[in-house]
Amino acid sequence: MSSKAPRCGLTFSRMKTVRVAVVGAGVIGFSTAVRIAEALPICSVTLLAEKFSPDTTSDVAAGIVLAQEFPDIPLERQRRWFKDGFDHFFAIAHSEDAPEAGIMMCSGCQIFREAPANMKPYWSDIVIGYRPMTDRELKRFPNHKFGQAFTTLKCECSSYLPWLEKRFRKAGGRVEQRRVNSLQELSNDFDIIVNCTGLGSKTLVGDDQVQPIRGQVLKMDAPWLKHFIRDVDGMTYIYPGIHSVTIGGTRQVEDMRLHVDEGDSRSILERCSRLEPSLRKAKVLYQSVGLRPGRRSPRVERELVQMGGRQVPVVHNYGHGGWGVSFSWGTSLDALGLVRQCLQEIPLQAKL
Ligand SMILES: Cc1cc2nc3c(=O)[nH]c(=O)nc-3n(C[C@H](O)[C@H](O)[C@H](O)COP(=O)(O)OP(=O)(O)OC[C@H]3O[C@@H](n4cnc5c(N)ncnc54)[C@H](O)[C@@H]3O)c2cc1C
């Protein structure tokens, strides 16, 4: 052991346990916390958050597992993220945990008003049975010229988050309800901080790239609907789930209103009923609103932050916009890799 006092608390604490704080209890925070607690027994992991299920944005997510292209992330990395998540949800959907975790297989289509330039997106060989829709299938959507039919998964976060929390606690994780006003607050009690605060990162780490994108959904009692339909404009979708059918939606940038807007409800019902007329006969069970953590691309990286007399390693995993459920398991594996790097590198830094 060095006779000097360590600049980074990790040199001492690593001999016992490395104290890791994961901030955020949405799908990103819990996925990341589970990954770390299960893979790194040397770490004692505490998840801290202001809000827990059922009060997070993740609880509002429609939860369909689909991909979009993020402009600043190499396609191969996005592919890995998506495949990792798909395989994870697929395995749960075919295990005895499926109903408790709220995960199911889901077949349907994405429809386009104009045929896209790229007919074979990078995720097309990860989902199951991807194929262009036939003219016969497209006939019922007269305003759409092209469609992709495939089978994917649906993850209902109001079940999945409690399931992840149980898994996290089983791996020795601890949970604390608390608002964190600055990462500095955590620097005395933790060796590594993992930031999974979604929209909260705008203020917590001052990231101006993060912006709220308001989304409103209706939960419908329509058990006869079994296939999903998504208009790729991203505004109109119908996703049958385990207990109800989620229909949406809205994408209102910088709109922070968390209450249900009746005008939005009417517009959603009208747009979705044009695609699936039987929805006009369905009962609305309830409605919800969430603020997506919008960002050009998710931020999954680490940095050393000066806090008091030492540099504290911070791993970021936030900014997943409208696809946080789909990419949660994949980006949390990268976050785990970054925590591993912190474990390896920080003792070296302390020796300098
Ligand atoms: C209407 C709608 C439909 C959607 N549909 C889909 C879909 O079909 N498929 C899909 O993949 N994604 C979908 N999404 C997107 C998805 O919901 C988000 O990308 C995802 O929930 C982001 O997860 P998160 O954990 O980063 O954020 P959140 O769920 O918002 O969790 C953030 C956590 O951080 C905590 N926190 C923040 N700041 C602080 C602080 N200062 N101190 C302590 N705690 C803090 C919060 O309390 C919370 O626990 C949808 C979103 C909406 C709104």
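A residue is taken as buried if 20 or more other C-beta atoms, placed from the backbone, lie within 10 Å of its own, as exposed if 12 or fewer do, and as partly exposed in between. The structure is a predicted model, in which local features need pLDDT of at least 70 and side-chain atom pairs count only at pLDDT 80 or more, whereas totals for chains, interfaces and linings use all residues. Residues are numbered from 1 along each chain as its sequence is written.

The buried residues of α4 are Gln78, Trp81, Phe82, Gly85, Phe86, His88, Phe89 and Ile92. Seen down the axis of α4, these residues fall within an arc of 165 degrees and therefore line one face of the helix, while the face turned away from the buried side carries the exposed residues Glu76 and Ala91.

The "binding site" annotation of the unreviewed UniProt entry covers Thr57, Ser58, Val180 and Thr197; such annotations may be inferred rather than shown by experiment. Val180, in the loop between β6 (174-177) and β7 (192-195), counts as partly exposed because it has 19 C-beta neighbours inside 10 Å. Thr197, in the loop between β7 and α8 (201-204), counts as buried because it has 30 such neighbours.

Technical notes:
Helices (H or I, at least four residues) and strands (E, at least two) are DSSP runs, numbered from the N terminus. The arc is that of the directions from the helix axis to the C-beta atoms.
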